[in-house]
Amino acid sequence: MSTQYFSASYAEARRRFLEAANAAGARVQSYPLPAQSTGTLAIDVAILGADDAPALVVSSGLHGVEGFFGSAVQLALLEQFSKTRPTPGVRHVLIHGVNAYGFAHLRRTNEDNVDLNRNFMANAGGYAGAPSGYAGLNRLLNPESPPSRLEPFKTKALWKIWQAGLPPLKETVARGQYEYPRGLFYGGKKPCASTQIVQDHCDDWLATSRHIVHIDLHTGLGAHGNYKLLLTESDYTERRDWYAATFGASHIEPLTKPDGMAYRVAGQWGPWMQQHFQSRNYCFAGAEFGTYGVVRVLAALRAENRAHHHGTPGSPAYLRAKKELLECFCPASPAWRCQVIGGGLRVVEEGSVALRVS
Ligand SMILES: [Zn+2]
């Protein structure tokens with residue numbers, strides 16, 4: 001059963017990842033975060049394959065709590081590798097728990113309330129500003145009080161969506177903001193500790209690979225159990241055809257699709273990697289596995305953020321907010337879990353086949 005790959009905590013997921021990586025004969029590097037009060041938090045990287053082989057990168061937990069899913073796919077993959085050797089001629093780089101704090105504390109953001117996928121700025125001047133509509137929504141999105149059951153957020157959110165349309169609302173809310181440190185989709189004021197670890201060590205991870213396919217695993221966007229690969233490239237580029245041929249046209253979503261579920265985002269990881277490795281062929285896709293509708297997911301993010309900043313840890317309202325966030329980013333349903341492990345492994349296999357023939 002694919003459900004066996006899901007762990008109940010970050011500590012368990014990390015332990016299983018490290019054990020499976022060792023069993024598969026991978027080289028493992030761990031990069032601990034600056035000391036936290038509760039247990040070890042680290043980015044762990046498992047590497048198999050030659051330095052100069054084309055590389056398949058599979059990363060999990062850039063968005064903390066989404067790591068329960070990404071880690072499960074990585075574990076399934078490592079177990080495959082220990083039974084049958086990985087695809088010969090391909091270097092596999094598995095990056096576990098990029099935002100380990102959020103993974104451990106059931107948050108999408110990190111220890112600084114930063115969304116790491118808004119934190120990879122090309123230059124220091126980028127850490128400023130907010131989308132024009134964000135200020136107007138700030139009170140609705142980020143109330144300065146603990147979560148309460150008797151609050152008509154869904155009605156208000158639906159009314160805003162009705163007024164603005166869903167794509168413009170997503171642009172405004174989710175694009176990333178740098179002015180409200182306790183707000184949703186905050187991108188920080190400088191590179192965070194995890195961002196810094198990635199930026200300092202990615203050259204080692206990718207050695208001399210010339211062709212890289214990076215699958216960054218996410219959940220929470222799209223149809224329940226299904227997946228889309230969100231590209232960093234806009235439409236009608238040559239590489240877009242390669243993505244379509246590799247992963248299937250129905251599974252890819254270029255950045256610019258006007259009615260699509262993707263939205264323009266500042267400080268994303270993918271473009272940073274592509275820029276950093278610009279002399280190589282670096283393909284990056286955010287693999288989004290759907291859970292529930294946008295309003296439910298946004299309501300869960302909002303409630304957890306309120307509970308984190310204004311609630312009492314351990315109180316019923318706090319625990320309810322954490323539970324709903326976990327459900328929204330890693331549903332408990334065995335059917336969902338089996339479906340997304342299947343989808344995750346398929347995407348990885350397709351990427352690896354494409355690299356082998358490249
Ligand atoms: Zn995500």
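Q: What covers the buried residues of α9 in this predicted model?
A: Start with the helix itself: α9 runs over residues 269-276, and its buried residues are Trp-269, Gly-270, Trp-272, Met-273 and Gln-274. Several elements sit over them, among them two helices, α7 and α8 (238-247). The cover also includes the strands β3 (55-59), β4 (91-96), β5 and β8 (281-290).

Q: Is Gln-199 buried or exposed?
A: The cut-off for buried is under 20% relative accessible area. Gln-199 comes in at 15%, so the label is buried.

Q: How many residues apart in sequence are His-211 and Leu-355?
A: His-211 is found in strand β5, another element that helps cover the buried residues of α9. In space, the C-alpha atoms of His-211 and Leu-355 are 7.5 Å apart. Along the sequence, the separation of His-211 and Leu-355 is 144 residues.

Q: What is the relative accessible area of His-211?
A: Leaving aside neighbours within four places, His-211 is in contact with Pro-54, Ala-55, Trp-242, Asn-281, Cys-283, Leu-355 and Ser-358. His-211 counts as buried because its relative accessible area is under 20%. The value is 13%.

Q: Where is Ala-207 found?
A: Ala-207 has a positive phi of about 40° although it is not a glycine. Its relative accessible area is 18%, so Ala-207 is buried. As for its place, Ala-207 is in the loop between α7 (193-206) and β5 (211-224).

Q: What is the phi of Asn-113, which is not a glycine?
A: Most residues other than glycine have a negative phi. Asn-113 has a positive one, though. You'll find Asn-113 in the loop between α3 (100-104) and α4 (134-141), and at 5% relative accessibility this residue counts as buried. The phi of Asn-113 is about 60°.

Q: Which helix holds Arg-14?
A: Arg-14 is buried, with a relative accessible area of 15%. Setting aside neighbours within four places in sequence, Arg-14 is in contact with Ser-30, Thr-40, Ala-42, Asp-44 and His-96. The helix spans residues 10-23 and goes by the name α1.

Q: What distance separates the C-alpha atoms of Arg-337 and Thr-3?
A: Arg-337 is found in helix α12, residues 334-356, and counts as buried at 18% relative accessible area. Not counting residues up to four places away, Arg-337 touches Thr-3, Phe-6, Cys-330, Pro-331 and Ala-332. Arg-337 and Thr-3 are 334 residues apart along the chain, yet their C-alpha atoms are separated by 5.7 Å.

Q: Among contacts between residues at least 6 apart in sequence, what share joins residues at least 24 apart?
A: Arg-337 and Thr-3 make one example of a pair in touch across 334 residues of chain. Now take the contacts in the protein chain between residues at least 6 apart. The share joining residues at least 24 apart is 80%.

Q: Which domain takes in residues 124-185?
A: The assignment puts 2-120, 189-291 and 330-356 in domain 1. Between the two, 26 residues of domain 1 are in contact with 23 residues of domain 2, and their centres, taken over C-alpha atoms, are separated by 25 Å.

Q: What radius of gyration does the protein chain have, and why does the chain count as compact?
A: The secondary structure comes to 12 helices and eight strands. For 358 residues the globule rule gives 21 Å, and the chain's value is close to that, so the chain is as compact as a globular protein of that length. Its radius of gyration is 19 Å.

Q: What percentage of the residues of the protein chain count as buried?
A: The C-alpha trace spans about 55 × 45 × 40 Å along its principal axes. The chain exposes about 14700 Å², with carbon and sulfur atoms supplying 54% of that area. Of the 358 residues, the buried part is 56%.

Technical notes:
Residues are numbered from 1 along each chain as its sequence is written. This is a predicted model: local features need pLDDT of at least 70, side-chain atom pairs count only at pLDDT 80 or more; totals for chains, interfaces and linings use all residues. Side-chain values use heavy atoms; hydrogens and water are left out. Helices (H or I, at least four residues) and strands (E, at least two) are DSSP runs, numbered from the N terminus. The radius of gyration is taken over C-alpha atoms; the globule rule is 2.2 Å times the number of residues to the power 0.38. Buried means under 20% relative accessible area, exposed over 50%, partly exposed in between (1.4 Å probe, protein chains only). Contact means heavy atoms within 4.5 Å. Accessible areas come from the Shrake-Rupley method with a 1.4 Å probe; for residues, only the protein chains shown count as cover. Domain bounds come from an automatic or database domain assignment.
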